[in-house]
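User: I have a structure to go through before setting up a calculation. Can you take my questions as they come?
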Amino acid sequence: MLHLKLETDPRWVNIVESNIEEILTDHAWCEQKAATNAISIITLNSEYPDLVTDLLELAKEELEHFQMVHDIIKKRGYKLGRERKDSYVNELYKFMNKGGNRLQCMVDRLLFSAMIEARSCERFKLLSKEIKDPELSKFYYDLMVSEAGHYTLFISYARKYGKGVNVDKRWEELVAFECEVIKNYGKSETIHG
Ligand SMILES: [Fe+2]
Ligand SMILES: [Fe+2]
């Protein structure tokens, strides 16, 4: 359903399990970035009432996810570390056409967001299946369902408003681009690492 070309090597979960505090800190900041990204899309495309309505809801959900991860961090006696950079997302960002017209930029931003949701969803699914910690297994299952919904939402807005833009072709290009990027990951204890 997610149309990703490359699945994460399950051995990545062993790396994650060796440093739960790190994955939780990184994950918390991923949720913060997801909320911030939704607000940025609203700021840039405020003339679409349905998109604004749905992305406000999505931003709230991402903040709730941030809070849920932070609650787990506190419960386990850890502390939220400083913000982590996400080099996977930074590489993916380069795909976006920043010189195009406003509509092309909006489509690209929505597809970029959909892709991050798709990969996060794939990682959460793997975590929920493989991680030995029962609390985290359930937690990641629930988040996987939520991020799958976000993926669908971003893709459907790209299709709905991307009139005159070949959205399917652009998505195919992004899927191929992401495949090249993700090949170099799966080696560290971060959500997209
Ligand atoms: Fe989230
Ligand atoms: Fe999300």
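User: What should I know about the model and the numbering?
Analyst: This is a predicted model, where local features need pLDDT of at least 70, side-chain atom pairs count only at pLDDT 80 or more, and totals for chains, interfaces and linings use all residues. Residues are numbered from 1 along each chain as its sequence is written, chains are lettered from A and ligands numbered from 1 in the order in which they are written, and side-chain values use heavy atoms, with hydrogens and water left out.

User: Which residues coordinate the iron ion (ligand 1)?
Analyst: Glu 31 (OE), Glu 62 (OE), His 65 (ND1) and Glu 147 (OE), at 2.0 to 2.2 Å. Donors are N, O and S atoms within 2.8 Å of the metal (3.2 Å for Na, K and Ca), and water is not among the atoms, so sites may look incomplete.

User: Why is the arrangement around the iron ion (ligand 1) called irregular?
Analyst: Because the 4 donor atoms subtend angles of 89 to 139°. Four donors count as tetrahedral if all angles lie between 85 and 135 degrees; four count as square planar and six as octahedral if opposite donors are over 155 degrees apart and all others between 65 and 115; anything else is irregular.

User: How are its donor residues spaced in sequence?
Analyst: For the iron ion (ligand 1) the spacing is E-x30-E-x2-H-x81-E. The pair His 65, in helix α3 (residues 49–75), and Glu 147, in helix α6 (residues 134–161), links distant parts of the chain, 82 residues apart. Helices (H or I, at least four residues) and strands (E, at least two) are DSSP runs, numbered from the N terminus.

User: Are those two buried or exposed?
Analyst: His 65 is buried at 5% relative accessible area, and Glu 147 is buried at 2%. Buried means under 20% relative accessible area, exposed over 50%, partly exposed in between (1.4 Å probe, protein chains only).

User: How far apart are the two iron ions?
Analyst: They are 3.6 Å apart, and Glu 62 coordinates both.

User: Different topic. At what angle do α6 and α7 pack?
Analyst: Helix α7 (residues 167–182) packs against α6 at about 135°, with the axes 10 Å apart. Axes are lines fitted to C-alpha atoms, for helices over the stretch in contact, and angles run from 0 to 180 degrees between N-to-C directions.

User: Which residues make that contact?
Analyst: Tyr 151, Ile 155, Ala 158 and Arg 159 of α6, with Val 167, Asp 168 and Trp 171 of α7. Contact means heavy atoms within 4.5 Å.

User: Where is Glu 22?
Analyst: Glu 22 is in helix α2 (residues 20–44) and is buried, with a relative accessible area of 17%. Leaving aside neighbours within four places in sequence, Glu 22 is in contact with Arg 84, Glu 189 and Thr 190.

User: And Lys 187, buried or exposed?
Analyst: Lys 187 is exposed at 58% relative accessible area, in the segment after α7.
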